[in-house]
Amino acid sequence: MATNSKKNFYAVGFDLLLLAILAGCIVMALCSGKYPITPKESLDVLFGELFHKGGSYSEMTKNVVMGLRIPRITASILCGVMLAMSGVAYQSIFKNPLISPDFLGVSNGACIGAAIAILMGLGGIYLSGFAFLGGILAVSITVLIPTILKSESNIMLVLSGVIVGGAMSSILGFIKYVADPETELAAITYWTMGSFSYVTMSEIKSVILTMVIPMIILFGMSWWLDILSMGESEAKSLGANIKLIRNVAIACATLMTASSVCISGTIGWIGLVIPHFARMCVGPNNTKLIPTAGLMGGIFLLLVDTITRTISMAEMPVSILTGLIGAPFYAVLLYRQRKTIS
Amino acid sequence: MIIETEKLNFSYTKGGRQILKDINLSLGEGEVMSILGPNGAGKSTLLNCIATLLMPDSGIVRLCGKDTREMKPKEVASILSYVPQNHVPAFSYTVFNFVLMGRAPKVGMFERPKDEDFAIVEKTLEEIGLTELKDKPYTEISGGERQQATIARAMVAQPKAILFDEPTAHLDYGNQLKTLRIIKSLKEKGYAIIITTHNPDHAIMLGGTTAILDREGRLTVGKSEEIIAEERLRQVYGTELSLIHMDEVDRDVCVPPNL
């Protein structure tokens, strides 16, 4: 028992370290950008505005920090946390460390929803709503196919995700083909590559509940995700109500992914790479893995977004960089884990 | 009776080969039953039906007198533990955390195992001799050790019955014997135990009752020393087999002919 509590202590310590790194990254992100702000100024504004104390900073500085950078930073951290956590959940549910939210068609489905909204000339809340519906619809079809085929195997579900994902990207291609190249096409393309450029605080507020509530539920049932990851018949013989646990977990993870697509568009790789990296650091127990992966995802996406908005004059879509960093990083992880993944 | 089945029928496809036909068996406290049968006869299928992992076409499985169709997965799991054939999971949980999963029937959906559960796992690991390996990844220990960890996982649920699906498969001689000894000691502790095996010697060594499942899906049950006879083994395996009493080990041994 001593070793067990000692290990918990290390895991908590590790999370605290990540939290400190995240705080450091936030300050750094507040100061990066075209309008120069010192770390002290940024913290003055942040605390001054949060606690309504005011302070000796200019109106311009305040607007840049509170109006531009804080929404972006909040959005990128939230999306990173959501994508990484839902990645962990999907990997445990489907006992497959090679799966991610993108694999189940959730991201693509949400993207189609958004694209349709753009084609119909809708914006704002409709855009988010359509993205949301698309994501839920896609994962429902993915889960439905094995049920129709009367197969409860997880492999079938993965294949079904490939089918739905493939169909979705074709539909998306068609939508791009018929879109007006002058106006709509650029907007749709931008959405498919992911970006935080136009994020506002009200957009974040509109999805915060569908992010936080599923996150709490998922963390609450995290020990049962371990059991689920042993496979269906084992989980059942251990006394798990698989259908209930699995459906609740899938619903939560999907809500989290779709909510993040709603504010940022599709951002690849995070849901795949971060869970792996976190597992290498704290082991496969979901109780430890979910918070650690979430923190790592938040840090990673915040860093990537800060780089994309400062590296050049014209802003780069986030997915370009997550892919450039994620793909080789994943190759290295696979190389290191080649013995455990058969 | 802890485990009881009544006229169990099962086939994988409608109108397909009937795997189980009118199976009646019952098992009480401290009783052990070895199920023998040719490859593909349906020994594992029978275990899966009893463990409610498969739904029989007709018939009833009762655990402690209760119809399993009216029981929740947790109720079933708190009476009956299942030791499946060895497999390697996708994630490398430590031996300790792997065994801890056996406590699932006692843990709520939004709960985690508590100190009491940890203590039971510690004690069981000690009992089965795995304490030194408890922090090792389950994926990196040997087949025999994995088998023992799976047995420990079944024990921590504190069930009344344990089912073993070919517990000696893929194990070397030493580990086969170790596993059989553990099974025997579990029987003496009062668990009702069913194992499937390909080796008649194991049924002889465990004593108790033996059941032979034939290709027609019928189950012949009786005392091990009565059921295991040369003629019957010949029918089951389609080959000459001799039963010889060996004074050195003071039991019958099953010997195949020369090639």
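**Chain A and chain B, piece by piece**

Reply: Happy to! From the N terminus on, the elements of chain A run α-α-α-α-α-α-α-α-α-α-α-α-α-α. Keep in mind that this is a predicted model.

Me: How many helices and strands does chain A have, then?

Reply: Chain A has 14 helices and 0 strands.

Me: And how compact is chain A for its length?

Reply: Its radius of gyration is 20 Å, close to the 20 Å that the globule rule gives for 342 residues, so chain A is as compact as a globular protein of that length. Along the principal axes, the C-alpha atoms of chain A fill a box of roughly 65 × 60 × 35 Å.

Me: What share of chain A counts as buried?

Reply: Of its 342 residues, 47% count as buried. As for contacts in chain A between residues at least 6 apart in sequence, 73% join residues at least 24 apart.

Me: OK, over to chain B. How many helices and strands there?

Reply: Chain B has 9 helices and 12 strands. The box filled by the C-alpha atoms of chain B is roughly 55 × 45 × 30 Å along the principal axes, and 44% of the 259 residues count as buried.

Me: Which strands of chain B make the sheet with antiparallel pairing?

Reply: That is an open sheet of 4 strands, in the order 2-1-4-5.

Me: Which of those strands stand at the edges?

Reply: Strand 2 (20-27) and strand 5 (66-67) of chain B do. Each has a single partner strand, so one side of each is left without a neighbour in the sheet. Strand 5 of chain B pairs with strand 4 (residues 58-63) of chain B in the antiparallel sense, over 2 bridges. In that pairing, Asp67(B) in strand 5 is the bridge partner of Arg62(B).

Me: What lies across that sheet?

Reply: Helix 1 (residues 43-50) of chain B lies across strand 1 (3-10), strand 2 and strand 4 of chain B. Helix 1 runs at about 120° to strand 1 of chain B.

Me: What about the sheet with mixed pairing? What's the strand order?

Reply: The order is 6-7-8-3-9-10, with 6 strands of chain B forming an open sheet. Strand 6 (80-83) and strand 10 (219-223) of chain B are the edge strands, each pairing on one side only. From one strand to the next, the twist averages 15°.

Me: How many bridges join strand 9 and strand 10 of chain B?

Reply: Strand 9 (residues 209-213) and strand 10 of chain B pair over 5 bridges, in the antiparallel sense. Thr210(B) has Gly222(B), in strand 10, as its bridge partner.

Me: I keep clicking on Leu36(B). Where does Leu36(B) lie?

Reply: Leu36(B) is in strand 3 (residues 32-36) of chain B.

Me: Why does Leu36(B) count as buried?

Reply: Because Leu36(B) has 27 C-beta neighbours inside 10 Å, and 20 or more is the cut-off for buried. Leaving out residues up to four places away in sequence, Leu36(B) touches Thr197(B), Pro200(B), Ala203(B), Thr210(B), Ile212(B) and Val236(B). The C-alpha atoms of Leu36(B) and Leu213(B) are separated by 6.3 Å, although the two are 177 residues apart along the chain.

Me: Changing topic: how many residues are in the largest nonpolar core?

Reply: That core has 165 residues, and those with the most contacts inside it are Met85(A), Ala89(A), Ala114(A), Ala115(A), Val99(B) and Leu163(B). Helix 3 (residues 59-93) of chain A supplies the largest share of this core, 17 residues.

Me: What does Leu163(B) touch?

Reply: Not counting residues up to four places away in sequence, Leu163(B) touches Leu47(B), Ile50(B), Ala51(B), Leu80(B), Tyr82(B), Val83(B) and Ile194(B).

Me: Last one: how many residues are in contact between the chains?

Reply: 29 residues of chain B are in contact with 27 residues of chain A. On the side of chain B that touches chain A, helix 2 (73-79) and helix 4 (115-128) of chain B are the elements that give two or more residues. Helix 2 of chain B gives the most, with 4 residues. That side of chain B divides into 19 nonpolar, 5 polar and 5 charged residues.

Terms used: Residues are numbered from 1 along each chain as its sequence is written. Chains are lettered from A and ligands numbered from 1 in the order in which they are written. This is a predicted model: local features need pLDDT of at least 70, side-chain atom pairs count only at pLDDT 80 or more; totals for chains, interfaces and linings use all residues. A nonpolar core is a set of buried Ala, Val, Leu, Ile, Met, Phe, Trp, Tyr and Cys residues joined through C-beta atoms within 7 Å. A residue is buried if 20 or more other C-beta atoms lie within 10 Å of its own, exposed if 12 or fewer, and partly exposed in between; C-beta atoms are placed from the backbone. Two residues are in contact if their C-beta atoms, placed from the backbone, lie within 7 Å. Ala, Val, Leu, Ile, Met, Phe, Trp, Tyr, Cys and Pro count as nonpolar, Asp, Glu, Lys and Arg as charged, and the others, Gly among them, as polar. Two strands pair if DSSP finds at least two bridges between them. Axes are lines fitted to C-alpha atoms, for helices over the stretch in contact, and angles run from 0 to 180 degrees between N-to-C directions. The radius of gyration is taken over C-alpha atoms; the globule rule is 2.2 Å times the number of residues to the power 0.38.
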